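Visitor: Could you walk me through this one? I'd like to start with the overall layout and then look at a couple of helices.

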2 protein chains.
Amino acid sequence: MKRPVSFDIEKRDEKSLARAGTISTPHGDIRTPAFIAVATKATTKGLGSFMYEDMGIQGIIANAYHLYLTPGEKIVEHAGGVGKFMAWDGPTMTDSGGFQVFSLGEGFGKVVSKISIEDVPREAGVAVYDEDVATSHGKLAIVDDEGVSFTSHINGSLHRFTPERSMEIQHALGADIIFAFDECTSPAADCVYQKEAMERTHRWAKRSLAAHRQNIGANMRQAIYGIVQGGRYEDLRLQSAHELAELDFDGFGIGGSFSKQDILGILEKVNRELPEQKPRHLLGIGEPEDIFIGAAAGIDTFDCVLPTRNGRNGTVFTHTGKTNMERSEYATDLGPIDTACDCFVCKKYTKSYIHHLFRSKEMLAGVLASAHNMRFLTRLTENIRTAILEDRLSEYAREFLGGYKK
Amino acid sequence: MKRPVSFDIEKRDEKSLARAGTISTPHGDIRTPAFIAVATKATTKGLGSFMYEDMGIQGIIANAYHLYLTPGEKIVEHAGGVGKFMAWDGPTMTDSGGFQVFSLGEGFGKVVSKISIEDVPREAGVAVYDEDVATSHGKLAIVDDEGVSFTSHINGSLHRFTPERSMEIQHALGADIIFAFDECTSPAADCVYQKEAMERTHRWAKRSLAAHRQNIGANMRQAIYGIVQGGRYEDLRLQSAHELAELDFDGFGIGGSFSKQDILGILEKVNRELPEQKPRHLLGIGEPEDIFIGAAAGIDTFDCVLPTRNGRNGTVFTHTGKTNMERSEYATDLGPIDTACDCFVCKKYTKSYIHHLFRSKEMLAGVLASAHNMRFLTRLTENIRTAILEDRLSEYAREFLGGYKK
């Protein structure tokens with residue numbers, strides 16, 4: 001069977017698991033390592049798809065949970081799928097919605113990408129992932145072996161996802177790469193529950209895969225990635241990777257971690273369990289220093305809300321570290337956000353102007369800062385790719401991180 | 001003396017006062033009639049100057065009151081003037097801040113451009129222009145013959161503008177075209193007060209002009225327009241036009257009306273009092289039907305906040321009239337906002353997608369709708385210009401307005 005998405009490794013780094021490759025999709029290629037823009041509701045916040053080329057965006061990842069709730073997967077399907085809906089010709093992915101079903105809404109996990117909640121209570125069989133959300137919206141996610149029942153973060157209405165239903169939704173959304181439906185556990189979950197959830201995730205992975213392969217139409221144009229789970233337990237993560245590796249997925253996502261410390265240290269070991277010839281996507285990690293760790297551990301694609309979330313609050317990436325555009329010293333600074341940046345914002349606008357826009361709470365402030373941040377991360381992965389191809393990844397990492405203050 | 005801004009009339013309409021011309025400024029030409037984009041705080045809200053070319057924007061008008069308060073005119077001057085500050089190479093104007101000083105803040109006049117307040121109380125010598133603003137911010141504008149003392153809408157701090165100070169600020173802001181400092185009276189003002197205010201405005205016009213001409217540097221690179229006042233009284237408006245016409249202004253603004261009904265009916269008479277060879281700018285009027293009235297009455301340039309203000313609340317212009325993108329019928333509509341539009345939004349995005357963005361309260365919604373609206377109005381004035389040049393303005397007006405539901 002000719003797969004809709006293929007992966008070619010062009011070059012392997014000699015000192016790490018890093019590789020440079022090309023993911024070929026029905027909507028074009030992704031040169032890896034690559035940063036995939038998060039377009040949860042089929043929009044990268046203030047950044048329209050008309051700006052993607054300028055920002056070097058190669059692909060987007062939308063979310064099945066959000067698009068199922070609004071506008072509904074049928075509307076997106078009617079428009080010709082998520083890419084056409086948002087007027088983006090290039091490669092697309094959809095996350096299965098597992099994380100969102102369990103985390104219940106976007107108010108969750110604001111600090112570090114989507115992996116920030118800590119010490120959230122969990123009772124057997126009933127995961128309440130965010131006290132605030134649960135209180136303000138009365139939200140719950142009730143897991144059983146068949147699937148999960150949950151309430152909408154928008155209006156509290158009751159819904160149910162199963163692996164089969166998630167596939168049906170993702171088939172309607174029509175992205176080039178879709179993800180298996182997984183259970184995302186609380187960071188407070190103990191090892192016993194985590195193992196139980198992981199095993200359920202593996203059963204759901206098989207059911208997702210079967211539901212996808214049975215749909216010949218979708219199977220011919222959409223690839224499916226399995227998601228490695230196991231929370232913060234190394235042995236479970238390795239077991240999860242090992243078991244999923246046996247399945248007929250087109251690639252793998254590594255996700256469901258609520259703290260990047262849980263996952264970054266064992267990423268290399270996890271990736272060693274996964275088939276080398278298949279692409280690997282690290283969900284929700286986007287700090288520059290973490291992208292270096294991920295790339296060296298053999299990650300091919302990354303996604304994260306950081307560029308737009310940071311951008312909206314004025315935090316911008318520069319080659320010397322992050323800073324906030326509201327700082328008084330920028331009021332009269334006629335330089336660009338980052339002297340080393342090639343983005344249209346840095347070519348055109350001064351810190352003085354962007355500072356004024358943030359101080360005046362002007363809408364354009366977030367647009368410009370987000371656009372810069374997005375380009376900063378797509379360019380970082382472009383540079384990592386070039387460094388791999390030129391056999392100087394560790395030198396480039398040293399050079400970049402030497403000047404970058406975390 | 002070679003003036004920094006000149007105006008050439010290329011063609012006069014035979015049936016009306018309409019004319020097509022070119023305003024030449026140190027930063028390029030404005031082909032008239034033209035719609036000038038409002039960039040109050042040196043930003044057209046969600047629309048960056050990087051999008052201006054696509055939207056057919058020929059010039060912007062910023063505001064001396066707002067830029068004086070934040071970031072301060074010195075900061076804009078340090079950046080090289082308002083155009084450079086906002087990274088816009090083309091022609092620029094600054095309004096003197098008269099209207100804003102008296103209307104006290106942007107919460108004012110939300111309904112129709114900046115000319116919507118009605119029946120606002122005024123006591124002798126103390127104009128309190130907006131009950132809400134006055135109550136919530138404790139704001140006042142106290143007029144004397146020398147100038148006006150007022151409190152900031154941002155923090156209530158006390159400030160004072162005189163014609164000379166307004167010129168000084170506008171010289172620092174450095175726009176190609178600046179406006180004389182005027183007193184903008186309450187729509188509830190009686191004829192006696194209105195006449196007194198008009199006469200003061202004329203004295204201020206002479207002082208503005210003198211202060212501008214004395215500054216040789218600014219005088220060589222900035223043109224100055226006088227502002228016709230007179231409120232809703234036809235005799236005062238005509239007297240104002242007649243008296244200002246005698247002064248050595250480079251052009252004229254017609255402003256200070258709080259209801260477009262006050263001004264549109266007498267616009268032709270007002271313009272007949274003004275020198276034919278000088279350009280005329282109508283402040284704060286932007287509805288398509290009013291642009292036709294203005295153009296036929298001999299107006300060369302228009303400005304209005306409508307495209308972005310409407311855009312942010314989902315109201316879009318189409319060739320059949322205005323509509324709101326949140327209407328349910330658009331949920332599955334795969335057509336563009338306006339089938340007759342040539343803007344990048346209409347080329348790329350569907351009503352279905354834009355409807356989804358508005359329903360989801362996504363930032364991109366307002367950006368796309370504002371961009372479309374801006375192009376709709378710049379194109380309308382382009383079409384009016386072409387119609388004048390081709391001797392078919394009245395036919396074009398009939399054709400456009402015949403299909404356009406107000």
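This is a predicted model: local features need pLDDT of at least 70, side-chain atom pairs count only at pLDDT 80 or more; totals for chains, interfaces and linings use all residues.

Visitor: Okay, which domains is chain A divided into?

Guide: Chain A is divided into domain 1, residues 6-304, and domain 2, residues 311-400. Between them, 28 residues of domain 1 are in contact with 23 residues of domain 2.

Visitor: Which element gives the most to the side of domain 1 that touches domain 2?

Guide: That is α13(A), with four residues, while the elements that each supply at least two residues include β1 (6-12), β2 (19-25) and α1 (52-55) of chain A. By class, this side of domain 1 has 15 nonpolar, five polar and eight charged residues.

Visitor: Switching topic: how many residues does α8 of chain A have?

Guide: Helix α8(A), residues 191-214, has 24 residues and reaches 34 Å from its first C-alpha to its last, close to the 34 Å expected. Its buried residues, among them A:M198, A:W204 and A:L209, pack against α7 (163-173), α9 (216-221), β13 (223-228) and α10 (234-245) of chain A.

Visitor: And which residues of α10(A) are buried?

Guide: Those are A:R237, A:S240, A:A241 and A:L244. They cover an arc of only 95 degrees around the axis, so they sit on the same side of α10(A).

Visitor: What covers them?

Guide: The cover over the buried residues of α10(A) includes α8, β13, β14 (251-254) and α12 (267-273) of chain A.

Notes: Residues are numbered from 1 along each chain as its sequence is written. Chains are lettered from A and ligands numbered from 1 in the order in which they are written. The expected span of a helix is 1.5 Å times one less than its number of residues. A residue is buried if 20 or more other C-beta atoms lie within 10 Å of its own, exposed if 12 or fewer, and partly exposed in between; C-beta atoms are placed from the backbone. Two residues are in contact if their C-beta atoms, placed from the backbone, lie within 7 Å. Domain bounds come from an automatic or database domain assignment. Ala, Val, Leu, Ile, Met, Phe, Trp, Tyr, Cys and Pro count as nonpolar, Asp, Glu, Lys and Arg as charged, and the others, Gly among them, as polar. The arc is that of the directions from the helix axis to the C-beta atoms.
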